[in-house]
Amino acid sequence: MAAIVHLNSQSNPPAIFDGTTRLYISTICPYAQRVWIARNFKNLENIEVIGISLQDKPDWYKEKVYPPNKVPALEHNNKVIGESLDLLQYLDDHFEGPKLFPEGPVKQKAASELLKYIDTLITIGFPVLSKDGFSVSEIQQEFGPVLDHLEDSLGKFADEGPFFLGQFGVVDIAYVPFIERFQTFFSSLRNFDITTSRPKLAKWVEEMDKIDAYAKTRLPPEINLEAYKWRVAKTRAVGSTTN
């Protein structure tokens, strides 16, 4: 992975709205990783990637670039837009390169349903992960059905390929940052392998690792784990000050 320099509170801003298209990300953010993968897959080297430190975010990012103060954000045509799934659609609509979203009503419906299901993956997966003392069987009981749904979904177009819609596309891009992290976090912190007894999911992970557009965005597992622990500590610190 090419090193991305993250700008912090001591950094000067880029020349905002100078005609350059910029993608603002943090390499530890799964939502930003989605758009970074899409940018790579569509071969949009003309989009400059700017790292923003989440631990020491520069004030100018909120004041001059993106008032919601989140990543990812895309600076294009003198405006800045955000929200990762919206940005995936925006890249498909406004830039050349391989299409991310499928054609045809069957796959479009499948894509829409799977993209909505990501919320279930996240809202169940992270709370289960945070429960200290949970046994493997308890994790399987609460999180297993979600993973089984993904396993079943990977079988629907299996005759066309190992990805969610057969061929690599937007659904894989949307899921892989979270599957990557859950694979690391559950294995390291809970001794639970999310791919056990799920051969299609295991194959999907294996095939995703061969996608260069994704491989360029991957961090070492220990970096993702460190980022997760930082975010948990930050959340707990905020909670303790509001009680």
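Here is a short chat about helix packing and aromatic pairs in a predicted model.

Trainee: How are H1 and H3 oriented relative to each other?
Mentor: Take helix H1, residues 30-41, and helix H3, residues 84-94: their axes sit 9 Å apart and the packing angle is about 10°. Angles under 35 degrees count as roughly parallel. So H1 and H3 come out as roughly parallel.

Trainee: And which residues of H3 make that contact?
Mentor: On the H1 side you'll find Tyr31, Arg34, Val35, Ala38 and Arg39. The contact residues split into seven nonpolar, one polar and two charged. From H3 come Ser84, Leu85, Leu87, Leu88 and Leu91.

Trainee: What kind of aromatic pair do Phe41 and Phe168 form?
Mentor: The structure has 14 aromatic pairs. For Phe41 and Phe168, the ring centres are 4.9 Å apart and the planes meet at 70°. Planes over 60 degrees apart count that way, so this pair is edge-to-face.

Trainee: How many residues apart in sequence are the parts this pair ties together?
Mentor: Phe41 belongs to helix H1. Phe168 is in the loop between helix H5 (136-153) and helix H6 (170-190), so the pair links parts separated in sequence by 127 residues.

Trainee: Which residues form the aromatic cluster?
Mentor: Look for one cluster of Phe and Tyr residues. Its members are Phe126, Phe143, Phe182, Phe185, Phe186, Phe192 and Tyr228.

Notes. Residues are numbered from 1 along each chain as its sequence is written. This is a predicted model: local features need pLDDT of at least 70, side-chain atom pairs count only at pLDDT 80 or more; totals for chains, interfaces and linings use all residues. Side-chain values use heavy atoms; hydrogens and water are left out. Axes are lines fitted to C-alpha atoms, for helices over the stretch in contact, and angles run from 0 to 180 degrees between N-to-C directions. Helices (H or I, at least four residues) and strands (E, at least two) are DSSP runs, numbered from the N terminus. Angles under 35 degrees count as roughly parallel, over 145 as roughly antiparallel, 65 to 115 as roughly perpendicular and the rest as oblique. Contact means heavy atoms within 4.5 Å. Ala, Val, Leu, Ile, Met, Phe, Trp, Tyr, Cys and Pro count as nonpolar, Asp, Glu, Lys and Arg as charged, and the others, Gly among them, as polar. Rings of Phe, Tyr and Trp (its six-membered ring) pair if their centres lie within 6.5 Å; planes under 30 degrees apart count as stacked, over 60 as edge-to-face and the rest as tilted.
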